[in-house]
Amino acid sequence: MFSVRCECGKSVDVDEARVNAPRACPKCRREIVCACADDVAGLVGAGDFDATLLIKAGPTGRGRLMPLGGCVPIELGAGEGNQIALPGELVSPSHCQLVRLDFGPSRWSLEDKASANGVFVNGQRITSHALQHGDVIDIGEYELHYKIAPAIEEPAEVEVAIAEAPLAVTLRRAAVKPVALVPTGPRPICPSCDLQLTPGAKICVDCGIHLPSGRPLLTSEGLDENTVYGNAETALRVVSWIVWVTPLPIPLASAAYGKHKPYAIWTIAAITVLVSLIVFFACWNGDPPWAQNLMLWPRNADVSALTDQMVRKMEQAPEDRVSRHAPGDSREEPLSKEELRAQVEDEVEPDTGQFHWWQLLTHALLHDTGSILGFVLHLAGNMLFLIVFGSRVNAILGNLLTALLYPVLAVAAAAVYLWSLSAGHMAPMLGASGAINGLAGMYLVLFPAHRVYCAMWIRLTLIGFTVGFRTWIGMKIFAMRGFWLLLIYFAFDTIMVMLGNNGTTAHWAHIGGFLTGVALGVAILVSRTVNCRNGDLLSIALGKHAWPLIGKPSRWTTRPIAGLPVAS
């Protein structure tokens, strides 16, 4: 048995076995329902029901008092199974939840569960808020008041009986847990939203900032690290037979948070894989002109570059050459190089192997057509980076903005690559890595401090007369900040360019896409186009000094309009 305080001041005894069951105050007949997601039967006083919610207005339950207890989050919503049921048209089935922060006095945090019409505390829309005595909560059609009940005094007869029955008094005091008073002292004002906070508070949960510095609290995606590590280790043991060493960290998953489903990136990935497969199989037995014209050719390229490429391929496969009869001889012999070239020039269309404007976009839909292994590694690597970084950028920007910006990044990467080419360069460029590096640049600005789970490994195989065939793999799966991971890759591309590397990797396209993504990310921050949840590069680096440039975090809190739903 434990006791709770009614609004009228009456102490009401509650049986632990009847938590969540309605009970009437014996004095004022107010309905009292202790809300708890735990089983507190047999744990005297463990619920600590000193914090209460009072339904001040709403379609049902007006005047109901709900003391809060237990350690498990208390669910609120219109659906069945919630500890606090709030049936209404503007209340989501699972609208929000109360999370225990501390005992004696109780401290609770109210967290929105991506509800359609939001949760408001003192007129400000919140995603997570540490409740304070006197807070007014709006959930759909309901208005609830949060209070900390005053301490319940011991009855006089118990005090008289102390000398006569100390053991009984000890048990009685264990059943009725004393409640400390609400903290007193100066109440700090949040510099962002101007709300008064609990005395001694250092953090405004509404704005997601540390009060003295203005730096943000990070909101991360809930990833099960054991699942990430387990799945990654299983998959990478297979991959390591193909790629036996990794000189750079390979990203596996990102903890960056966003509220949108990344449908745009999933669609881009699907289209890229489909087009890459079609072009790869089309080029399996040759290089059709339509496929060549999808690749990005230099502006000074001409058809002779493609002709030379096709002639070299035919020379490497003599069985595929067209044979002819030598004069006066029935035997067949391969065509000469000059005859091969003449035949190819007849087959190649005049405009093939030249620059066309659409190649600025179509090159990002193609991948290595030279070999099966090269194609698989090129496509798989790019899709991995696209999903890890692109889906997180998509989740914060939304699908429409992502779909509009991805082609811009592809064009920018291609333009920088063309600018970097020296005279006489005739090889085409293909691959989505330039546009994907653009998404990585945006990720650097929007999510610099969020963790990215990475892996590195090396597989060694020993073959000898005494040891036979033995293989050993060293693997490390770890998490690092996205800021450092992406700077490592950017530094790698920069070093390759400085060393004059003109191999098969278009490092200038990577650099161009990355810098364009950084510029777009900063523009999005300054224009406040989307809610970056304060975890962006400027907020983390400058704290409140970034607010004159990008606005205060409270810019994203809104007040409810009476009687109308609010868009999430």
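Helices (H or I, at least four residues) and strands (E, at least two) are taken here as DSSP runs, numbered from the N terminus. The model is a predicted one, in which local features need pLDDT of at least 70 and side-chain atom pairs count only at pLDDT 80 or more, while totals for chains, interfaces and linings use all residues. Residues are numbered from 1 along each chain as its sequence is written, and side-chain values use heavy atoms, with hydrogens and water left out.

The chain holds 15 helices and 23 strands. Of its 568 residues, 45% count as buried, where buried means under 20% relative accessible area, exposed over 50%, and partly exposed in between (1.4 Å probe, protein chains only). If contact is taken as heavy atoms within 4.5 Å, then residues 24 or more positions apart account for 63% of the contacts in the chain with a separation of 6 or more.

Strands of a sheet pair through backbone hydrogen bonds, either parallel or antiparallel. Two strands are treated as paired if DSSP finds at least two bridges between them, and on this basis five strands form an open sheet in the order 9-8-10-11-14, with mixed pairing. Strand 9 and strand 14 (128-130) stand at the edges with a single partner strand each, so that one side of each has no neighbour in the sheet. Strand 8 (residues 74-77) is joined to strand 10 (residues 96-102) by three bridges, the two running antiparallel, and in that pairing Leu-76 has Cys-96 as its bridge partner. Towards strand 9 (residues 84-85), by contrast, strand 8 runs parallel and is joined by two bridges, with Ala-85 as the bridge partner of Gly-77. Within strand 8, Ile-74 and Leu-76 point one way and Glu-75 and Gly-77 the other, yet all of them are buried.

Which residues touch Asp-112, once its neighbours within four places in sequence are left aside? Asp-112 belongs to strand 11 (residues 107-112), and it counts as buried because its relative accessibility is 17%. Its contacts are His-95, Cys-96, Gly-118, Val-119, Ile-126 and Thr-127. Of these, Thr-127 is 15 residues away in sequence, with a C-alpha to C-alpha distance of 4.9 Å.

A nonpolar core is a set of buried Ala, Val, Leu, Ile, Met, Phe, Trp, Tyr and Cys residues joined through side-chain atoms within 4.5 Å. The largest one has 46 residues, and those with the most contacts inside it are Leu-386, Leu-397, Tyr-406 and Tyr-443. At least two residues of this core come from each of several elements, including helix 4 (263-282), helix 9 (372-397), helix 10 (399-420), strand 22 (451-464) and strand 23 (468-481). Apart from it lies another core, of 25 residues, among them Leu-53, Leu-76, Ile-84 and Ile-137.

Ser-391, found in helix 9, counts as buried because its relative accessibility is 6%.

Tyr-263, Ala-264, Ile-265 and Ile-268 of helix 4 meet Asn-399, Thr-402, Ala-403 and Tyr-406 of helix 10.

Two loop residues close the tour. Arg-29, in the loop between strand 3 (22-24) and strand 4 (31-33), has a positive phi near 65° although it is a residue other than glycine, and it counts as exposed because its relative accessibility is 57%. Asn-122, in the loop between strand 12 (119-121) and strand 13 (124-126), likewise is not a glycine and has a positive phi of about 55°, but at 32% relative accessibility it counts as partly exposed.
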